[in-house]
Amino acid sequence: MNQRAALVWAALSAASALALAGCGSNAGSGSSSSSAPPASSSAPSSPSSSSPAGGSDNLGYGYGGGSSQSAPAAAGLTLKTATVAGHMIVVDGKGTTVYVYTRDNPGTTTSACTGGCATLWPAVTSDATPALQGVTGKIGSIKTASGKSQVTINGMPIYYYSKDTAPGQTNGQGVASVWYVVGADGNMIQAPLAAGGSGY
């Protein structure tokens, strides 16, 4: 009887050991499943890191952060200098000569050139502050009758001459003794000039 009881006791002990081993394997599988969420939690970090790059492309129009500052200049006007008949004069970015009208007064808020005059002598306008290359005169603006911003140099509105059809032409110089080209310092030049210049 004692021997049989000992065998039963040994069998029960072995069964309980197997049961405990089974519980241990379940716990292990549970711990391995709990490690999956941290891996998935790292996924959102990659889209957020790519979003700033997209934003900078939009702001920089595909050219990078620094190019956003050059955009207004591109949309506006460039005033630079060119040498004509030995005189350094102001022209626009395409080389077209600009003029001042002596019937305007320095610091004026309205142009004296209206009607047919404005057709023959169109105002030099710009939606942004002009980019300057070698021009040292003080740049400002006034409003035209149509609400555009006409550029001024040293307080004088500036104009194109419709009969200048190519860069470097100065056909408007001295017309009616009231139209003159402008020097780099913003002061008018009254000396006679050739139609073309060495600056082109």
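Which residue stands opposite K80 in β4? I looked this up to open the notebook, and the residue opposite K80 is Q133. The model I am reading is a predicted one.

**Entry 1. Strand β1 and its partners**

I followed K80 into its pairing. Strand β1 covers residues 78-84 and runs parallel to strand β4, residues 131-133, with three bridges joining the two. I then looked for the pairing of β1 with β2, residues 87-92, and found six bridges in the antiparallel sense. Within that pairing, I noted I89 of β2 as the bridge partner of A82. The hairpin of β1 and β2 leaves two residues between the strands, and there I recorded a positive phi near 50 degrees for A85. As background, I note that strands of a sheet pair through backbone hydrogen bonds, either parallel or antiparallel.

**Entry 2. Overall composition**

I next listed the elements of the protein. There are five helices and nine strands. Read from the N terminus, their order is α-α-α-α-β-β-β-α-β-β-β-β-β-β. The protein has 200 residues, and 28% of them count as buried. For contacts with a separation of 6 or more, I found that 65% come from residues 24 or more positions apart.

**Entry 3. The six-stranded sheet**

Which order do the strands of the open six-stranded sheet follow? I read the order as β5-β6-β7-β3-β8-β9, with antiparallel pairing. Strands β5 (139-143) and β9 stand at the edges with a single partner strand each, so one side of each has no neighbour in the sheet. Inside the order, I examined β3 and β7. Strand β3 spans residues 99-101 and strand β7 spans residues 156-159; two bridges pair them in the antiparallel sense. Here Y99 faces Y159 of β7 as its opposite residue.

I turned to β9, which consists of residues 188-189 and holds I189. Is I189 buried or exposed? Its relative accessibility is 15%, and because buried means under 20%, I189 counts as buried. I then asked which residues surround I189. Setting aside neighbours within four places in sequence, I189 is in contact with H87, M88, I89, Q173, Y180, V181, V182 and G183.

**Entry 4. The disulfide**

How many disulfides does a search of the whole structure find? The search returned one. The disulfide joins C113 to C117, with an S to S distance of 1.9 Å. About the S-S bond I read -110 degrees, and the link is left-handed. C113 has 6% relative accessibility and counts as buried.

**Entry 5. The largest pocket**

The largest pocket holds about 270 Å³. Which residues lie nearest the centre of the largest pocket? Of the 17 lining residues, these are C113, A118, A123, T144 and A145. By class, I recorded seven nonpolar, eight polar and two charged residues in the lining of the largest pocket.

Notes
Residues are numbered from 1 along each chain as its sequence is written. This is a predicted model: local features need pLDDT of at least 70, side-chain atom pairs count only at pLDDT 80 or more; totals for chains, interfaces and linings use all residues. Side-chain values use heavy atoms; hydrogens and water are left out. On a 1 Å grid over the protein atoms alone, a cavity is a set of points where a 1.4 Å probe fits but cannot get out, and a pocket is an open set with protein on both sides within 12 Å along at least five of seven lines; lining residues have an atom within 4 Å of a point. Grid points are joined across faces, edges and corners, and a volume is the space filled by probe spheres set on the points. Ala, Val, Leu, Ile, Met, Phe, Trp, Tyr, Cys and Pro count as nonpolar, Asp, Glu, Lys and Arg as charged, and the others, Gly among them, as polar. Helices (H or I, at least four residues) and strands (E, at least two) are DSSP runs, numbered from the N terminus. Buried means under 20% relative accessible area, exposed over 50%, partly exposed in between (1.4 Å probe, protein chains only). Contact means heavy atoms within 4.5 Å. A disulfide is a pair of cysteine sulfur atoms within 2.5 Å. Two strands pair if DSSP finds at least two bridges between them.
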